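Hello,

Here is the structure I promised to pass on to you. Have a look at it first, and then read on for what turned up in it.

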Amino acid sequence: RLKTSSGTNLVPCVKLCWKILELRGRCPVRFDMSDNKVTVHFVNRDGEKITAKGSPGDSLLDLVINEDLDFDGFGACEGTLACSTCHLVFSEEVYEKLGPVTDEEMDMLDLAYGLTDTSRLGCQVCLTRALEGMEARVPESVADIRQTQDSSS
Amino acid sequence: MFFLLIHPVQVNKRNNLITRSASSAAHQKVCVVGGGPAGFYTAQHLLKACQDVQVDIYERLPVPFGLVRFGVAPDHPEVKNVISTFTQTAHHARCCYYGNVNVGTDVSVEELREAYHAVVLSYGAEGNRSMGVPGEDLEGVYPAKDFVGWYNGLPSNRELNPGLDCETAVILGQGNVALDVARILLSPIDELKKTDITQRSLDALAQSQVRRVLIVGRRGPLQIAGTIKELREMVNLPDTKPEMVASEFEGMAEALKVIPRPRKRLTELMLKTAVDPPAEKERQRRQAASRSWGLRFLRSPLEVLAGPDGARVAGIRLAVNRLEGTGDGSVAVPTGEVETMDCGLVITSIGYKSLPIDPAVPFDPRKAIVPNSLGRVQQAAGLYCSGWLKTGPVGVIATTMNNSFDTAHSVVEDLTSGCLDATSAKPGSTGIGPLLDKRGVKPVSFSDWEKINQEERRRGAAQGKPREKLLDVEEMLKTART
C-alpha cells in the first residue's frame, strides 16, 4: 500500500529497512508476516513438546537461538560444522523432506551420541514451507547410565 | 542497545580484586579449579540450575580457556566458538574468574574446601604418557602435547624449539592430536599464516625441511582413534600426497559390511585413499605434490635410535604386531618381528595424563584420574571433579561439556538435598582473597583477561591474524595491570 508517486512499491524497501534495524538489535519488534512462518514442534530431552515458528531459510539452530529454546549445550560451535551438539532426530517421513546431507555434515554427525538413520545437525537443516508442522526430537547427549564415551570410537 | 552489567566492586588498597559485593549475597558458594572447557561448562550449568549459587573459577594461568586456547589447532577456529559461551558465563553476575592462582601451591584444596560449600576439580591433564622405551629422552623426541603447546603459545612450551631440519617425522599414535600435528607439519605456510598460530612457530615451520610424516599405530586400520573430519583434511591437504601400504588394508572391505556407520565411513575413506587407483586429476595432483603423509599400522615403539652424535634421534625401532580379537576390543600382540624407520623427528601422541596437584585429593595413579562416581570424589564429601580429570583424557569438547553438566547435576543434587551443609554460611572468595594477598598472589580478573585479549588481537591484526598470543606469563600480567 505504500507507493511513491511514480508507483514504485515501497513495501519491500520498508521490510528490508525493518529487517536491518531488527538485525542490528535496535528494533525489538519482529516484522512478522505470519503466513510466511513455518511451525516446528521440538521434543526436548524430558519428552516435553515445545512449539516454535521460524522463517523459511532459517536453520533449526537459528530457530532454537532466536526463540531462546532451552536445550542444554545446543549449538556449541555456533553453526560452523565443528561439533555435533545440534543433533536432532526426525521421523522417516520428515527426514526424507530435509534435503541432501553433505559429507562435511555427515562427518560431524558421525560423532553424535545416539546417532540414528534419521539424524541431522540442526544447523544444516533449513526451513521450507513443506516442513510446516514438522517434529524434531532433541536426543540424549549422554548414556542413560551417565557414563561419558569417547565420541571418536 | 548494549546491556551493561554493572557490578559494584571492592578493591583493596593494593588494587586486588577480592570480591564483587553484588554477588556475595548468593548463599551457596562453589569453587571450580581450572578455567578450561570443563570448568566453564560446570559453572554454566551450576549457575543455571541454582539461583542462589556463586561460582568462582580459579585458573593457574592469567588467561582462561585451557585446551580451547592451547589444544585446538590454529586452523580449526570454529571449534573455538565455544569461547563466546564461556565469556557469557564469566560475565554472569554470580560468577567470578580468578586467573593467576595456582591451586596446590598458592592455595590448597583444603583451604578451598573450608571456604566453599563445594569444590569442583576441573584441571584436566597436563602430563604426558610416555612410551617407556630407551632413547625417549634424545633430542628430537617430543610429546605431542608439548609440540601442540608450542605452536599454540602455551607459555611453558615456548622454548621447545623443535628441530625441523630433517626430511621424515614419525608420529606415534593415530588419534586426532596426531592428525593435527601431521597437518600442521605439512600445511602450506600461506594457510597457516592467517591463523592464530604463534609467529615464532610459523617462522620455524616456514624453514622446516620436513617433507614426509608417518603416523604410526599399534593396532590396525579399524582401530584408529582419529575421526573422519581430520583424516579428510589430510587427504585434501594441498601439495601433499598419501603414501600408504595397500597390503595393510587387506580384508578391510569384508569388515566394512558389519560395522556402524561412523567407523564404516572412516574406513572407506582410508581404503579409497590407500588402495583405489586415483582419478586422473587426483593422480596428477599427487604427482605434483612435494610432501607426503602416510598411516602405518601394527607397529609399537621399542627404542628410539640416536644418530652418530649419540644425542639426536635418527630412527626408531618398532615391534611388528598382530591383532588378537576384533573391533575396539582387539589387542596388539608382538610377533617377534622388528623393523626400523629412519627419521629425524619423533612425536609421541599416545595420550595426555592427569597429575595429582594436592596430596589431600584422592588420585588413582594407574588410571591417572581422581576416583569418583558421577563426579563425586570418593570419600571426600563436597569434592567433585569434571572433565578429563574425571574420565581420563579422551573426547572432544562436546564430550567434556556433557561430562561437566553431569558433575554439576551431582553438585546441585547435593546442595539441595542437604547432604552438603549448604545452609551454614561460607566465606567463598572473601575467605581466599586475604590468603592470596598474604602470599603475594595477585589474581587476574576476567576484565584483566579482556585487556590481554584486546592486546593479542591488536598485535594479530598487524599481521593479518586473528590474534598474536602473548607467550610469557610476565607479559600477560603486565598487560593485565595496565
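Let me begin with one residue in chain B: S410(B) sits in helix α14 of that chain (helices are DSSP runs of H or I with at least four residues, strands are runs of E with at least two, and both are numbered from the N terminus). With a relative accessible area of 3%, S410(B) is buried (buried means under 20% relative accessible area, exposed over 50%, and partly exposed in between, using a 1.4 Å probe and protein chains only). Setting aside neighbours within four places in sequence, S410(B) is in contact with L374(B), R376(B) and Y384(B), where contact means heavy atoms within 4.5 Å. L374(B) is 36 residues away along the chain, yet the C-alpha atoms of S410(B) and L374(B) are separated by 6.9 Å.

Before going further, please note that this is a predicted model, in which local features need pLDDT of at least 70 and side-chain atom pairs count only at pLDDT 80 or more, while totals for chains, interfaces and linings use all residues. Residues are numbered from 1 along each chain as its sequence is written, chains are lettered from A and ligands numbered from 1 in the order in which they are written, and side-chain values use heavy atoms, with hydrogens and water left out.

Now for chain B as a whole. Chain B has 17 helices and 20 strands. Its radius of gyration is 24 Å, close to the 23 Å that the globule rule gives for 482 residues, so chain B is as compact as a globular protein of that length (the radius is taken over C-alpha atoms, and the rule is 2.2 Å times the number of residues to the power 0.38). The C-alpha trace of chain B spans about 70 × 50 × 50 Å along its principal axes. Of its 482 residues, 56% count as buried. Among contacts between residues at least 6 apart in sequence, 74% join residues at least 24 apart.

Next, the annotations. An unreviewed UniProt entry lists A38(B), E59(B), L67(B), V103(B), W388(B), G395(B), V396(B) and I397(B) under "binding site"; such annotations may be inferred rather than shown by experiment, and the positions follow the numbering used here, with feature names shortened. These residues span 360 residues in sequence and the farthest two C-alpha atoms are 25.1 Å apart, so they do not all gather at one spot. Of these, V396(B) lies in the loop between α13 (388–391) and α14 (397–417) and is partly exposed, at 34% relative accessible area. I397(B) belongs to helix α14 and counts as buried at 16%. Residues up to four places away in sequence aside, I397(B) touches Y41(B), V68(B), V72(B), V79(B) and V82(B).

A "binding site" annotation from an unreviewed UniProt entry also covers Q174(B), G175(B), N176(B), V177(B), R218(B), R219(B), E230(B) and G395(B). Q174(B) is in the loop between β9 (168–172) and α6 (176–186) and is buried, with 8% relative accessibility. Beyond its neighbours within four places in sequence, its contacts include I215(B), G217(B), L295(B) and F297(B). As for α6(B), ten of its eleven residues are buried, among them N176(B), D180(B) and R183(B).

Finally, a look at chain A: K37(A) lies in the loop between α1 (11–23) and β1 (38–43) and is buried at 15% relative accessibility. The C-alpha atoms of K37(A) and K49(A), twelve residues apart along the chain, are separated by 19 Å.

Best wishes
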